[in-house]
Amino acid sequence: MMDIRSLREDRMHGSPDFPFATYEQKRRTGEPVLDNHWHDEAEFLWMTEGQAVFQIGLSEYELSRGEAIFVPGGAIHGGHSMQGASCAYRAIVFQPEWLGDSGDGIGAGFMNPLQRGEAAIPTVYDGSETWGMATLDRLEKLYAIRESGDPAMALRIKAELCLLFADLIGSGRWAPQASAAMAHHSSSEQMKAVVAYIESHFAQPLTVTELSRVAGMSEGHFGRVFKSFMRKTPMEYVNHYRMRQAAEMLSGGNLSVGQVSLEVGLPNFSYFCKAFRTKYGRSPSEFRKKFRSL
């Protein structure tokens, strides 16, 4: 679901005239569940097998089979397994603005505030309440419609999504965002700016001091906020990103291992090889050989 090169997804979900897509992911024991990332579209995600922990911003949610979460557009989110166990989940990703033109009451009153973070619906749907069960049923129906090949698929999906939100609004589950939530949104945007800076400057020496200036925070506060959002310290994340870049260069390019080390901003070849082995379980040369044999 995510371009390996960037925390921000740059793929299109659906098409300009039908901004809706479905995904199904199965993770074996020990495999990563979902790297932290964000996209402009909103998302419902629900477990079909096993359990996993999903993070949205600073909050974590343990989901079991049949439970779902809603991820607002633009929110940093990711997931990790519980004790390394296998799991599977489905997701639908869509543009809320698609459900109502900006000039009508649906868009102006409900969908646009939701997309801008000025309003919110529940995050977790576990079936313990009538409105939650109704939402879970509609998510399964939406997934089935998308897979059906029905010539009226787009119309049916838009109608089901509208009904899903109508049910939540009608049951009092749509509300303006509190000021604390808006402050959280501001911190999220600062972290996105830092990640974008890392992605543009990873080949250069980077320090916590430099990154904290990008965020507009003191070093101590920045370090705490960054780790809360990303589950890594700033420098852990920088090296994590560098290793991902190195893996892509090794799998798809003709640079030598030494050249790759320099390209990702780690001129200490020994340190680069050690860091790469720690992340991928094999040396850069072994990784390249294994990848090209697949």
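Start by selecting Phe-44 and Phe-70 in this predicted model: Phe-44 is buried, and Phe-70 is too. Look at the two rings: their centres sit 4.9 Å apart with planes at 50°, so this pair is tilted. Now colour by secondary structure. Phe-44 belongs to strand β3 (residues 42–56) and Phe-70 to strand β5 (residues 68–71), so the pair ties together parts 26 residues apart in sequence.

Next, pick Phe-110 and Trp-174. They make an edge-to-face aromatic pair, 5.3 Å centre to centre with 75° between the planes. Phe-110 is in helix α1 (residues 105–116), while Trp-174 is in the loop between α3 (153–170) and β10 (175–176), so this pair ties together parts 64 residues apart in sequence. Buried or partly exposed, what is Phe-110? Partly exposed, with a relative accessible area of 29%; Trp-174 is also partly exposed, at 21%.

Now move on to helices α7 (residues 234–252) and α9 (residues 269–280). They pack at about 90°, axes 10 Å apart, and are therefore roughly perpendicular. The contact has 9 nonpolar, 2 polar and 2 charged residues. Click Phe-276 in α9: among the residues it touches are Met-243, Ala-246, Ala-247 and Leu-250.

Stay with Phe-276 for the last stop. In the largest nonpolar core, with 31 residues, Phe-276 is one of those touching the most other members, alongside Met-191, Ile-198, Phe-222, Phe-226 and Phe-272. Helix α7 gives the most to this core, with 7 residues.

Key. Residues numbered from 1 in each chain as written. Predicted model: local features only at pLDDT ≥ 70, side-chain atom pairs only at ≥ 80, totals over all residues. Heavy atoms only, no water. Axes fitted to C-alpha atoms, helices over the stretch in contact; angles between N-to-C directions. Helix = DSSP H or I, 4+ residues; strand = E, 2+ residues; numbered from the N terminus. Parallel < 35°, antiparallel > 145°, perpendicular 65-115°, else oblique. Contact = heavy atoms within 4.5 Å. Nonpolar A, V, L, I, M, F, W, Y, C, P; charged D, E, K, R; others polar. Core = buried A, V, L, I, M, F, W, Y, C linked by side-chain atoms within 4.5 Å. Buried < 20%, exposed > 50% of the residue type's maximum accessible area, 1.4 Å probe, protein only. Phe/Tyr/Trp six-rings, centres within 6.5 Å; stacked < 30°, edge-to-face > 60°. Lists of a residue's contacts leave out its neighbours within four places in sequence.
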